[in-house]
Amino acid sequence: MVGKVIISLVWVFWILAMSTVEGQDPSAVSQDDYDSLHAEVIELRKIKKIHQQMLPQGEKNYKMKDEYFPAYGSTLARVKKRGYIICGTYPDFPGFSEEVEEAEESKVWVGFDIDICRAVASAVFGNQWRIQFIGINGRTRFERLIDGSIDVLSAATTWTFSRDVEKKLEYVATTYFDGQGFMVRKNLGVSSAKQLVGASVCFSGASTAAQNIRDFFEYHEIRFVPIEISADQDVKELYAAGKCDMYGTDRSGLASNRLSFDDPERHMILPEVISKEPLGPVVKYGDQQWADIVRWSIFVLFLAEEMGITQDNIDGLKQHKNPSIQRFMGERNGEEYPNLGIKLGLDKLWAYYIIKQLGNYKEIYERNVGINTPIGLNRGLNKLYIHGGLLYAPPLREK
């Protein structure tokens, strides 16, 4: 986006310059046109300044600040004053979150977890681009939430008891139902993790993988060599360097990691699913309004798919005869309020903005990680409940 703004500025400055070059009549550009172009330059400068402020800071020297204690309504007020949302996510997780080249000197964040965060920006500002992404790792993802330097964490984070209760974080919804598995090299000649007696296994001590792996090998009475790394290290790089026989993490993560290997076909994901890994966005505990905004921005994605509302057809659903769709479109609510957005502190079209700009859950899934993408994941449990999956959203209504 910064690159595009710079290009636009250059183009406008060129027009202004051409109106005053030697030998050309300055009156060729009317005063009204000049004033209009001048106003556009000023506006583009403002936009450029905003985007420069939104450039992510590096994690290398990041140190956690004092703990942040949000109160009801404080996060939305802070976000609106700032003018954009700050979302923490992984920078190198193909299919789910990564930075890719869009044009010369311009990068854009893409992926499933990225679109989940963009849905929140769409709900709050009516504009999915009013957002800054900060790359995090296994340690800083929680530290940045706790000290308030990010507004929401969308980084394949498992919902567990200790994280929910002890860390004072709030999981708003599960966006991807997953399970932990193992990756090995095919030349080992194994078809099950149970065959790897004495194998060395890499895992991050800051993830849910550590306890899951120990539980699996203990239960099956299999001797193994644990190689635990710190949260600042990358487990897949250790495995790729041949420092361990296999490594364990969420199966969606394994599928994503496999794409980054020099020869993906030399590696395979074993069939065992050794845990439940409900993944989803996290916010700091204490501001129920903000938690509700993020939660219902996700539920809207489920409900839109359930009602057949898509990015392409949503404009044709205005004044629809179905009351549920009318409420979705911000056209009715009940007796007390004219629309549902008011209760969240949002515009009446908040749900419309999400689907118009990003599509429903199915569209987001298929675009980023679906069977026709390089990562190629079947939806499995991540289907609507009416299709045998686990995705279920409460009704969007007043009572």
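Guide: Before the sheet itself, a word on terms: two strands are taken to pair if DSSP finds at least two bridges between them. Please also keep in mind that this is a predicted model.

Visitor: Fine. How many strands form the open sheet, and in what order?

Guide: Five strands form the open sheet, in the order 11-10-12-9-13, and their pairing is mixed. The edge strands are strand 11, residues 225–229, and strand 13, residues 267–269, each of which pairs on one side only. From one strand to the next, the twist averages 30 degrees.

Visitor: Which helix packs on the sheet and touches strand 10?

Guide: That is helix 7, residues 209–219, which touches strand 9, strand 10 (200–204), strand 11 and strand 12, and whose direction makes about 150 degrees with that of strand 10. Helix 9, residues 251–260, lies across strand 9, strand 12 and strand 13, and runs at about 120 degrees to strand 12.

Visitor: Strand 9 and strand 12, do they run parallel or antiparallel?

Guide: They run antiparallel, with five bridges joining strand 9 (residues 180–185) to strand 12 (residues 246–250). Within this pairing, M183 stands opposite Y247 in strand 12.

Visitor: Changing topic, how many cavities of 30 Å³ or more does the structure hold?

Guide: There are two cavities of 30 Å³ or more.

Visitor: What lines the largest cavity?

Guide: Its lining consists of Y68, P70, T75, R78, L145, G148, I150, D151, K284, D287 and W290, which divide by class into five nonpolar, two polar and four charged residues.

Visitor: And which residues line the second largest cavity?

Guide: The second largest cavity is lined by F96, F112, D113, A156, T175, Y176, L279 and G280, and by class this lining has five nonpolar residues, two polar and one charged.

Note on methods: Residues are numbered from 1 along each chain as its sequence is written. This is a predicted model: local features need pLDDT of at least 70, side-chain atom pairs count only at pLDDT 80 or more; totals for chains, interfaces and linings use all residues. Side-chain values use heavy atoms; hydrogens and water are left out. On a 1 Å grid over the protein atoms alone, a cavity is a set of points where a 1.4 Å probe fits but cannot get out, and a pocket is an open set with protein on both sides within 12 Å along at least five of seven lines; lining residues have an atom within 4 Å of a point. Grid points are joined across faces, edges and corners, and a volume is the space filled by probe spheres set on the points. Ala, Val, Leu, Ile, Met, Phe, Trp, Tyr, Cys and Pro count as nonpolar, Asp, Glu, Lys and Arg as charged, and the others, Gly among them, as polar. Helices (H or I, at least four residues) and strands (E, at least two) are DSSP runs, numbered from the N terminus. Axes are lines fitted to C-alpha atoms, for helices over the stretch in contact, and angles run from 0 to 180 degrees between N-to-C directions. Contact means heavy atoms within 4.5 Å.
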